[in-house]
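My notes follow in the order I took them.

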Amino acid sequence: MLLRLLSTCCWAIAFAAESAPNMLTIMPDLSSGFVRNYNPFRADALATTKDFVFEYLYIYEENEVHYRLAEKFQLDKDLKGITITLRKGIKWSDGMPFTADDVAYSLQLLKQEPKLDYDSLGGWLSHIEVYNENEVYISLVRPNAQIAQKIASAVIVPRHQWENVDNKLDYTNPTPVGSGPFTTIKAFSSNNIVQCRNELYWQKDELKVDCIRYPMVRTNDELISRLSSGEFDWASAFIPDIDRNYASYSPNYHYFHRPSTVVSLMLNFKHPDEEVRNTINDIRFRRAISMGLERDTLINVALFGQGQKATFASGLESKFDEWVSDTSAEQHLYYIRYHPDAAQRLLDEAGIVDRDGDGFRDLPSGKPFFLSIVAPIEWTDFTSAANVASDMLRQIGLDVRAIALPLPVYIDRLCKGKFDIGITNYFSGLTPYRYLDSAFNSAYQTATYPRFAQHKYVNKDVDTLLDAFLLTTNKQEQVAIINDLHLIIAEQQVTVPLYYKLNTVEFTTSRFAGWRVKPNGKPNVPPIWYTERARLIQILDLKPIDPIIFRNQDKKWLN
């Protein structure tokens with residue numbers, strides 16, 4: 001390990017010596033090898049495609065909207081349409097002007113070619129009308145008060161390039177034409193990518209970072225060792241005992257935790273084995289699973305304390321406590337707390353008892369009952385949590401084993417219903433709607449959708465309430481709907497909430513200043529993950545540190 005660490009460190013120093021001093025080294029995603037794929041419609045696109053090659057119309061960050069390619073939007077009073085006004089003077093990286101035709105074409109693609117529609121936006125679009133070169137109107141098939149947030153996820157591509165591409169989902173777009181800050185592919189290999197500035201970028205004067213470098217890292221453990229060597233300026237990794245294993249290496253190494261969405265166990269309501277399926281569909285079994293888990297210990301052992309115990313039985317984030325009444329919030333808390341005796345009584349009542357004396361409970365028919373929890377091998381915090389949860393469930397007599405799978409296999413298993421139990425995280429949003437919709441809307445339970453609702457639990461009342469949320473902008477009405485959704489999901493124990501993940505952000509002040517801070521002086525750096533849109537806003541704030549200043553700086557991190 002020491003030789004590898006020294007080798008990595010020397011390589012990084014040599015690379016930095018040969019490169020521009022304002023090259024930012026980032027880790028937006030783990031990889032086993034890069035393929036030159038800058039197609040923003042593909043799930044396997046490189047993690048530096050969105051934001052850095054293709055900018056968005058605007059970016060939501062908590063209660064703020066950062067306008068990017070667009071300068072404003074206006075939702076119709078009847079919620080049946082939205083007008084988007086674009087910035088003037090923007091050009092694509094090949095010099096062609098960016099216009100409303102590009103926006104209309106990109107949105108129309110999602111409607112005409114559902115395979116490109118990664119965020120289920122196309123089904124909302126009725127027709128798209130270009131008013132002039134800087135204004136586009138989008139008519140909706142039905143009212144949607146949240147459509148602006150949905151459109152925020154739409155990637156805008158240059159029409160003059162993409163209308164000539166026949167099989168768009170097969171296309172890897174190796175030489176991209178984009179609107180973002182880093183469209184020049186300076187170096188590309190299977191283990192290292194360097195993307196440099198777009199000289200036609202509309203904010204090129206504000207951009208002080210010349211290039212971003214994205215090296216291949218296979219596992220979280222490898223990332224930790226390379227972070228400690230100082231190779232990365234910005235990463236988001238789970239590091240056990242982070243003060244000892246990272247921050248102690250240098251006064252210029254900084255980190256902080258951002259509370260994030262819930263991590264839950266997801267049971268397969270449509271399990272291929274009929275008797276197992278019937279057992280999973282028994283609320284007593286799901287509650288027994290939940291009450292057999294000692295969440296404080298799980299967090300301390302599997303996550304080294306870097307998590308917060310779930311406080312809502314529906315899995316809602318703790319920041320949304322004003323959306324649920326105190327009575328509703330407390331009603332089902334008992335079922336997400338550690339009550340092993342009650343869990344065993346429920347299993348007994350459900351007929352899940354040890355019939356052959358081997359120490360493990362069997363199915364009601366007498367057949368042995370084996371369950372597995374699948375987790376992605378690359379995400380060490382998930383695999384550790386799955387292992388600890390499995391051990392805890394064995395203590396109440398359930399033969400449960402954790403299985404670590406490569407990330408693509410793990411996702412494929414969940415999406416195709418080939419699992420018993422999966423551990424997964426969920427989306428966050430400005431309101432609870434995004435989590436509840438992505439996690440429980442039955443429309444997202446086909447193999448072409450992401451993993452989040454693949455428990456296959458279907459409740460028409462849940463779908464109806466989710467639809468109703470989109471029909472109102474009245475906060476009081478929205479709160480009532482969310483409260484009802486919480487009660488249904490908590491009552492049915494659809495998922496088993498475990499803990500709120502703390503997204504850890506690591507950044508160094510060795511080479512760059514301008515890291516974002518809150519008014520109270522605490523760090524406010526977003527994760528660099530490919531799912532985090534605010535990462536672009538942070539990069540625009542960064543500026544390289546003069547080496548002379550760096551040598552004389554004190555131990556405080558620079559702003």
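Before the helix pair, a reminder to myself: axes here are lines fitted to C-alpha atoms, for helices over the stretch in contact, and the angles run from 0 to 180 degrees between N-to-C directions. I also keep in mind that this is a predicted model.

**Entry 1, a helix pair.** I looked up H14 (residues 433-440) against H16 (residues 475-492). Their axes come within 11 Å and cross at roughly 40°. That angle makes H14 oblique to H16, because roughly parallel would need an angle under 35 degrees. The crossing of H14 and H16 is left-handed. Who makes the contact? On the H14 side I found Tyr-433, Leu-436 and Phe-440, and on the H16 side Ile-482, Leu-485 and Ile-489. I sorted these contact residues of H14 and H16 by type and got six nonpolar, no polar and no charged. A general point to go with that: an α-helix has 3.6 residues a turn, so residues three or four places apart point the same way.

H12 takes in residues 380-394, which is 15 residues. From first C-alpha to last, H12 reaches 21 Å, close to the 21 Å expected at 1.5 Å a residue. Is H12 mostly covered or mostly open? Mostly covered: eleven of its 15 residues are buried. Among the buried ones in H12 I noted Phe-382, Val-388, Met-392 and Leu-393, and also Asp-381.

I then moved to the loop between H12 and strand S15 (399-405), where Leu-398 sits. Leu-398 has a relative accessible area of 1%, so I log it as buried. Setting aside neighbours within four places in sequence, I see Leu-398 in contact with Phe-285, Ile-289, Leu-347, Ile-352, Phe-360, Arg-361, Phe-369 and Leu-393. Leu-393 is also on my list of buried H12 residues. I checked Leu-398 against Glu-55 too: they are 343 residues apart along the chain, and their C-alpha atoms are separated by 49 Å.

Glu-62 is in the loop between strands S2 (58-61) and S3 (64-67). Buried or exposed? Glu-62 counts as exposed, at 55% relative accessibility. Beyond its neighbours within four places in sequence, Glu-62 is in contact with Arg-258 and Leu-430. Its C-alpha is separated by 27 Å from that of Leu-116, 54 residues apart along the chain.

Last stop was strand S5 (residues 81-86), which holds Thr-85. At 13% relative accessible area, Thr-85 is buried. Outside the four places either side in sequence, Thr-85 is in contact with Ala-70, Glu-71, Lys-72, Asn-134 and Glu-135.

Key
Residues are numbered from 1 along each chain as its sequence is written. This is a predicted model: local features need pLDDT of at least 70, side-chain atom pairs count only at pLDDT 80 or more; totals for chains, interfaces and linings use all residues. Side-chain values use heavy atoms; hydrogens and water are left out. Helices (H or I, at least four residues) and strands (E, at least two) are DSSP runs, numbered from the N terminus. Angles under 35 degrees count as roughly parallel, over 145 as roughly antiparallel, 65 to 115 as roughly perpendicular and the rest as oblique. A crossing is left-handed if the near helix is turned anticlockwise from the far one by less than a right angle, and right-handed if clockwise. Contact means heavy atoms within 4.5 Å. Ala, Val, Leu, Ile, Met, Phe, Trp, Tyr, Cys and Pro count as nonpolar, Asp, Glu, Lys and Arg as charged, and the others, Gly among them, as polar. The expected span of a helix is 1.5 Å times one less than its number of residues. Buried means under 20% relative accessible area, exposed over 50%, partly exposed in between (1.4 Å probe, protein chains only).
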